[in-house]
Amino acid sequence: QGINHANYDIKNDSDLRFWINRVQQSPNDVDIQVQWCRALSIYAREEPNAILNSQATDALLKAMREHQTNVQLQEHGCALLSMLLSTIAISSSAVGMKEIKFIIQVMRQECSCGTIQGHACKALCHLACNVDNQSTIVASGGIDSIVDALLHHTADVCVAQQGLRVLRILTCNINHKVLVGSLGLDEVVMEVLHVHGNNANIQMQECGLLWALRCNDGPIKQKLMKSGCMHLVIQAMRAHKGEANLLLQGFGLLRNMACNPQNVGLLIGEEILG
């Protein structure tokens with residue numbers, strides 16, 4: 001009762017448990033929620049894993065969900081979530097199903113925050129490099145969350161770069177390729193190609209994703225040609241002639257597309273040899 005919340009820091013697990021109990025008992029007290037979030041943010045700089053391994057994340061998401069109009073709480077909460085997501089990305093070797101589900105839960109709840117979506121995509125990108133994690137990401141709805149992030153935050157460089165990279169990694173796994181391909185990503189890819197025409201890294205990720213998706217799929221190859229997507233790919237290759245990785249992925253995609261005789265004339269029409 002007599003605690004001055006503004007001066008009360010979290011220094012150990014006992015303090016953390018005290019605050020978790022306090023905020024759970026006072027869900028409607030915005031002042032307590034804000035002060036706790038501030039204290040939690042400071043503690044997270046030293047002991048992020050202690051927070052991830054406690055009930056603090058559930059309490060934080062609940063507070064942000066129930067007090068969406070409180071600017072202070074949302075700002076501190078978003079900063080804290082970004083910090084925790086960065087921690088997960090760095091320590092990806094020790095991450096399990098619980099952390100992956102937490103990332104996707106955050107993406108769904110905080111879908112309007114581009115910074116959080118970028119950190120989440122980056123964390124998933126690191127995690128997806130482990131084959132064992134890929135099935136968990138897919139089963140937890142990670143692909144839909146990544147596509148939603150790309151749709152709502154197309155202009156965000158981190159979301160575009162890391163989101164496309166995750167999809168590309170997952171697509172290289174034959175078990176997940178059909179699922180990613182069924183989402184109809186052509187419109188998303190075209191929009192990102194338009195917005196990030198000057199970013200060679202993002203263009204390379206897109207070419208790699210399209211190459212992985214379109215292998216040996218005749219009908220989808222034709223759809224890709226008619227959509228104008230290949231025109232944008234060729235423009236990107238021309239604009240970034242010095243980027244070897246982009247050219248490698250781009251020419252791989254073009255070669256794959258040209259294996260379909262119906263596409264050869266269209267590719268020649270794009271003057272690819274120019």
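**A pocket beside helices α4 and α6**

Helices α4 and α6 (97-109) each supply at least two residues of the lining of the largest pocket, where helices (H or I, at least four residues) and strands (E, at least two) are DSSP runs numbered from the N terminus. The structure is a predicted model, in which local features need pLDDT of at least 70 and side-chain atom pairs count only at pLDDT 80 or more, while totals for chains, interfaces and linings use all residues. Residues are numbered from 1 along each chain as its sequence is written, and side-chain values use heavy atoms, with hydrogens and water left out.

The protein chain has 17 helices and 0 strands. Of its 274 residues, 52% are buried, where buried means under 20% relative accessible area, exposed over 50%, and partly exposed in between (1.4 Å probe, protein chains only). Among contacts in the chain with a separation of 6 or more, 68% join residues 24 or more positions apart, a contact being heavy atoms within 4.5 Å.

To return to the largest pocket, about 150 Å³ of space lies in it. A pocket is found on a 1 Å grid over the protein atoms alone, as an open set of points where a 1.4 Å probe fits, with protein on both sides within 12 Å along at least five of seven lines, and its lining residues have an atom within 4 Å of a point. The volume is the space filled by probe spheres set on the points, which are joined across faces, edges and corners. The lining consists of L52, S54, T57, D58, M97, K98, E99, K101, F102 and Q105, and α6 gives the most to it, with 6 residues. By class, the lining has 3 nonpolar, 3 polar and 4 charged residues; here Ala, Val, Leu, Ile, Met, Phe, Trp, Tyr, Cys and Pro count as nonpolar, Asp, Glu, Lys and Arg as charged, and the others, Gly among them, as polar. D58, which lies in helix α4, is partly exposed, with a relative accessible area of 47%. The C-alpha atoms of D58 and Q105 are separated by 10.0 Å, although these residues are 47 apart along the chain.

The buried residues of α4 are A56, T57, A59, L60, L61, A63 and M64, and they pack against α1 (13-25), α2 (30-46), α3 (48-52), α5 and α6. On the α4 side the contact is made by T57, L60, L61, A63 and M64, and on the α5 side by L73, Q74, G77, C78, L80, L81 and L84. This contact has 9 nonpolar, 3 polar and no charged residues.

Q74, found in helix α5, is buried, with a relative accessible area of 14%. Leaving aside residues up to four places away in sequence, Q74 touches M64, H67, Q68 and E110. H67 in turn is found in the loop between α4 and α5 and is buried, with a relative accessible area of 11%. With the same exclusion of residues up to four places away in sequence, H67 touches P27, N28, V30, Q33, L73 and Q74.
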